[in-house]
Amino acid sequence: MKKSENAAYAKLRQDVAEERLERLYLFYGEETYLREHYKNRIFEIIGGQGMAEFNIVSLDGDGLTLDELTDGVESLPVMGEKKLIFVRDLNLSRPPAGVKEGLPELLGNLPDYVCMVLYFDALEYKPDKRLKTWQAALKAGQAVEFTKAPQNELIPWIARRFAAAGRQIDKAECEYLTFVCGSLMTNLASEIEKIAAGALGQTVTRQDIDSLACRALEAQIYQLTDCVSSGDSAAAIRVLRDLLAMKFEPVALAGAIAKQTQKLYAAKLIQQAGQGQETLMELFHMRSGYPARLLLQAARRRSLPWLRRALILCDQADRELKSSLPDDGRILELLLLRMAA
């Protein structure tokens with residue numbers, strides 16, 4: 001999440017650091033860890049010194065009434081400058097009956113002593129600037145999307161988490177961890193705790209990560225296709241059977257294999273054009289150079305005709321899976337064997 005790409009997030013960080021909060025924030029996005037962190041910081045700022053009971057109003061968007069919201073907004077803070085109105089999962093496109101008409105005016109005219117947080121958690125939020133409620137929210141404050149952190153922020157954060165648990169980890173292993181487990185902080189936090197507890201030495205190694213971490217689907221699909229491209233179809237089938245045992249949908253697995261094969265094909269074209277890692281990262285919006293380097297290494301092992309044929313086989317398997325053929329697992333295993341042939 002580069003600052004230049006998310007000015008609202010950078011502004012939120014500054015607001016919280018200086019404890020100078022806006023009248024309204026709209027929190028949404030896939031990075032749950034950061035969403036929760038900044039929600040908790042706002043709760044601490046406004047509800048500190050034992051004033052949470054008086055200065056924090058928590059409301060559920062499902063079944064919310066305009067009277068509840070209005071009462072919360074109009075009551076003054078107690079022994080403090082700000083009062084927090086926290087609303088979880090309010091559907092701005094289809095708010096509860098009785099709220100829709102008055103909500104834009106209320107949001108657009110929030111008093112200075114109010115800090116309202118519209119927080120999207122279970123309910124997915126997609127910005128729609130045509131909505132009057134969206135326009136009113138932007139007038140009062142800012143919408144903050146919490147996306148995956150960029151690698152230059154994530155690596156130091158991982159190192160700090162391990163240090164807090166009494167372990168050390170090198171930058172290369174940090175990159176490998178984000179490749180294996182994904183780059184969402186929420187998931188990484190639990191994996192770091194587990195690895196730190198089970199690591200054999202003071203410094204976390206790749207072997208520790210491989211033996212203790214749960215691999216994200218993308219990392220497992222890379223492992224599967226890497227086995228195929230190196231000719232080890234037996235290892236690829238073992239990975240496939242593990243994924244099927246974990247109840248991943250066969251159609252979704254076929255799509256993931258096809259997507260990874262497309263990346264390999266693109267990496268091969270980039271190599272033949274005399275370009276490299278930066279071009280591949282830009283093409284697939286990669287936040288880390290580690291997976292790009294792996295793709296380029298794998299692409300060197302296969303020719304363009306092999307990759308074209310592999311893509312055709314992926315398309316064929318997808319059509320077979322969506323037909324009435326009975327054995328999905330067999331279709332996927334045949335796909336891997338045909339690709340490796």
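Q: What makes a stretch a helix or a strand here, and where does Ser-229 lie?
A: Helices are DSSP runs of H or I with at least four residues, strands are DSSP runs of E with at least two, and both are numbered from the N terminus. Ser-229 lies in helix α11, which covers residues 217-229. By this naming the chain has 17 helices and 7 strands.

Q: What kind of model is this, and how are its residues and side chains treated?
A: It is a predicted model, in which local features need pLDDT of at least 70 and side-chain atom pairs count only at pLDDT 80 or more, while totals for chains, interfaces and linings use all residues. Residues are numbered from 1 along each chain as its sequence is written, and side-chain values use heavy atoms, with hydrogens and water left out.

Q: Why is Ser-229 called buried?
A: Buried means under 20% relative accessible area, exposed means over 50%, and partly exposed is in between (1.4 Å probe, protein chains only). Ser-229 has a relative accessible area of 4%, so it is buried. Of the 341 residues of the chain, 48% count as buried.

Q: What does Ser-229 touch?
A: Contact means heavy atoms within 4.5 Å. Leaving out residues up to four places away in sequence, Ser-229 touches Arg-301, Arg-302 and Trp-306.

Q: What makes the link between Ser-229 and Arg-301 a polar contact?
A: A polar contact is a pair of N or O atoms within 3.5 Å; within protein, one must be able to donate a hydrogen and the other to accept it, and residues adjacent in sequence count only if both atoms are side-chain atoms. The side chains of Ser-229 and Arg-301 are joined by a polar contact of 3.2 Å.

Q: What makes β1 and β4 a pair?
A: Two strands pair if DSSP finds at least two bridges between them. Strand β1 (residues 24-28) and strand β4 (residues 114-119) have 4 bridges, in the parallel sense. Leu-24 stands opposite Met-116 in β4.

Q: Which strands form the open sheet, and what makes two of them edge strands?
A: The open sheet has 5 strands in the order β2-β3-β4-β1-β5, with parallel pairing. Its edge strands are β2 (56-60) and β5 (141-145), each pairing on one side only.

Q: How is the direction of helix α2 set against that of β3?
A: Axes are lines fitted to C-alpha atoms, for helices over the stretch in contact, and angles run from 0 to 180 degrees between N-to-C directions. Helix α2 (residues 32-47) packs on the sheet, touching β1, β2, β3 (83-88) and β4, and its direction makes about 150 degrees with that of β3. Helix α6 (residues 132-140) lies across β1 and β5, at about 105 degrees to β5.

Q: How do you know that the length of helix α13 agrees with its number of residues?
A: The expected span of a helix is 1.5 Å times one less than its number of residues. Helix α13 (residues 250-272) has 23 residues and should span 33 Å; its end C-alpha atoms are 33 Å apart, so the two agree.

Q: Why is α15 described as largely enclosed?
A: In α15, 8 of the 11 residues are buried, so the rest of the structure largely encloses it. Among the buried residues are Gly-289, Tyr-290 and Leu-294. The cover includes α8 (171-181), α10 (206-212), α11, α13 and α14.

Q: Why does His-285 count as exposed?
A: His-285 has 69% relative accessibility, so it counts as exposed. It lies in the loop between α14 (277-283) and α15 (289-299).
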